[in-house]
Amino acid sequence: MSARTRAARSSYVCSECGHRAAQWVGRCPGCQAWGTLAEQAEPARATVAGGGARRVAAGAPSTPARPIAEVALDSARARPSGVDELDRVLGGGLVPGAVVLLAGEPGVGKSTLLLEVAAKAAATLRGGSVLYVTGEESAGQVRLRAERTGALHDRLFLAAESDLSSILGHVDALHPDLLIVDSVQTMTSPEVDGSAGGVTQTRAVTVALTALAKERGLPVLLVGHVTKDGNIAGPRVLEHLVDVVLAFEGDKHSTLRMVRGVKNRFGPADEVGCFELRDEGIVGLPDPSGLFLARFGATQASVVSGTAVTVIMDGRRPLLAEVQALVAPSSMPTPRRAVSGLDSSRVAMLLAILERRGRVRLQDSEVYTATVGGMKVTEPAADLALAMAVASAKNDVALPPDLVVLGELGLAGEVRRVSGVRRRLAEAARLGFTHALVPPDSDAGTGTGMKVTEVSDVSQVLARIRRASG
């Protein structure tokens, strides 16, 4: 059967999300971005005469199929990178042949973290080496940062390249045990048309580096940019090509940085690693709860009203968080409501519950709510703690400094169960808290050594605060 070749034609591809359209439009139908569609020529495709599908001839397999129990595990075991908090998120370390994509906003510290990883990995490898490729900075700029953070090592090699073929040449010459590319959006492949950072180039570079990693068993760390919406720049298929996707988060007004697992083929995808950005570099925080508590270790005499401590689950990690509230009289027809670090819509709902179910008069008061240490708390388990903080500020009664509060509030004022109560209380007990308010039937157990009180309604808790206020 003879084959005929269909003529090449053009399509339009969005540079933000990779959506493909037959004709140009001003706004992408996929991501709703304006002016992002660019023309791209599709390669000619061969079809069988008569419209039939082409059959693929069977070939010899590269390796024979084996029972799954007989597959060796030595090549898939994780090796520590030298940075404990990163290893926690990766599931133990870097797996040979794994491709890790680390994405985050500009200036959050991605390059600083990976330079630290490169230096620690070079120090732990026995006779091995690490290749750090930068396409955004000059070699001198990276050297200055390495001197400031103490990330210099004889087995750490640096290359300022943006061409994929040059990177492959460096890999052939050095045979590194770890490859870091900063960033994948700045790399270009000579075999593909398009500008650096475009959909076609980003996909081609990632495919080539993934194939290199799998062929040689070389772990590869890629830095990725994010869009203004917080999504990883480039086509969505980029996240499917790599083995691990990590999100590097942090507030520019805080030194706290978090690495959050989004996808992980080698471990749990909901782990969180905590870091602190300092002048001398980035440092892992194995116990970050103290950053989020303004009254850590305080006495009853030094504690002010309007504060409450809760335990949130950030992925699989329990973290103590302090929520604060300030209630001030107001003569304005519409008193102000200000929120920092909390979900504003949920705070508004909790204030309505307090007024309707708890009989706390707030309609003539300004209410300010916030978290401590730059933490963002969106988990419903912090509802009861925030309600107690507002009531404490309204009645000017300080809560006990050794009290931790857990519970979600319903619109009827009931306290609902939350997950992982035992783990939350164990973390609170480790830090010295001795009393806890929890939802009913929480199965908290007695292993923590804390005095646990179950509350079923928000009015029960508010009645205690009113009695304490006299």
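Contact here means heavy atoms within 4.5 Å. By that rule, Ala121 touches Ser81, Val130 and Leu178, leaving out residues up to four places away in sequence. This is a predicted model: local features need pLDDT of at least 70, side-chain atom pairs count only at pLDDT 80 or more, and totals for chains, interfaces and linings use all residues. Residues are numbered from 1 along each chain as its sequence is written, and side-chain values use heavy atoms, with hydrogens and water left out.

**Ala121 in helix α2**

- Ala121 lies in helix α2; helices (H or I, at least four residues) and strands (E, at least two) are DSSP runs, numbered from the N terminus.
- Ala121 is buried, at 5% relative accessibility; buried means under 20% relative accessible area, exposed over 50%, and partly exposed in between (1.4 Å probe, protein chains only).
- Ala121 and Pro335 are 214 residues apart along the chain, and their C-alpha atoms are separated by 55 Å.

**The annotated binding site**

- An unreviewed UniProt entry places the feature "binding site" at Gly104, Glu105, Pro106, Gly107, Val108, Gly109, Lys110 and Ser111.
- UniProt positions are given in the numbering used here, feature names are shortened, and annotations may be inferred rather than shown by experiment.
- Gly104 belongs to strand β6 (residues 99-104).
- Gly104 counts as buried because its relative accessibility is 5%.
- Neighbours within four places in sequence aside, Gly104 is in contact with Lys110, Gly224, Val226 and Phe248.
- Ser111 sits in helix α2 (residues 110-124).
- Ser111 is buried too, with a relative accessible area of 15%.
- Not counting residues up to four places away in sequence, Ser111 touches Tyr132, Glu137, Arg145 and Asp182.

**Packing of α7 and α8**

- Helix α7 (residues 344-356) and helix α8 (residues 383-395) pack at an angle of about 60°, with axes 10 Å apart.
- That angle makes α7 oblique to α8: under 35 degrees counts as roughly parallel, over 145 as roughly antiparallel, 65 to 115 as roughly perpendicular, and the rest as oblique.
- Arg346, Val347, Leu350, Leu351 and Leu354 of α7 make the contact with Asp383, Leu386, Ala387 and Val390 of α8.
- Axes are lines fitted to C-alpha atoms, for helices over the stretch in contact, and angles run from 0 to 180 degrees between N-to-C directions.

**Cysteines**

- The model has zero disulfides, a disulfide being a pair of cysteine sulfur atoms within 2.5 Å.
- Cys28 is buried, with a relative accessible area of 0%.
- Cys274 is also buried, at 0% relative accessibility.
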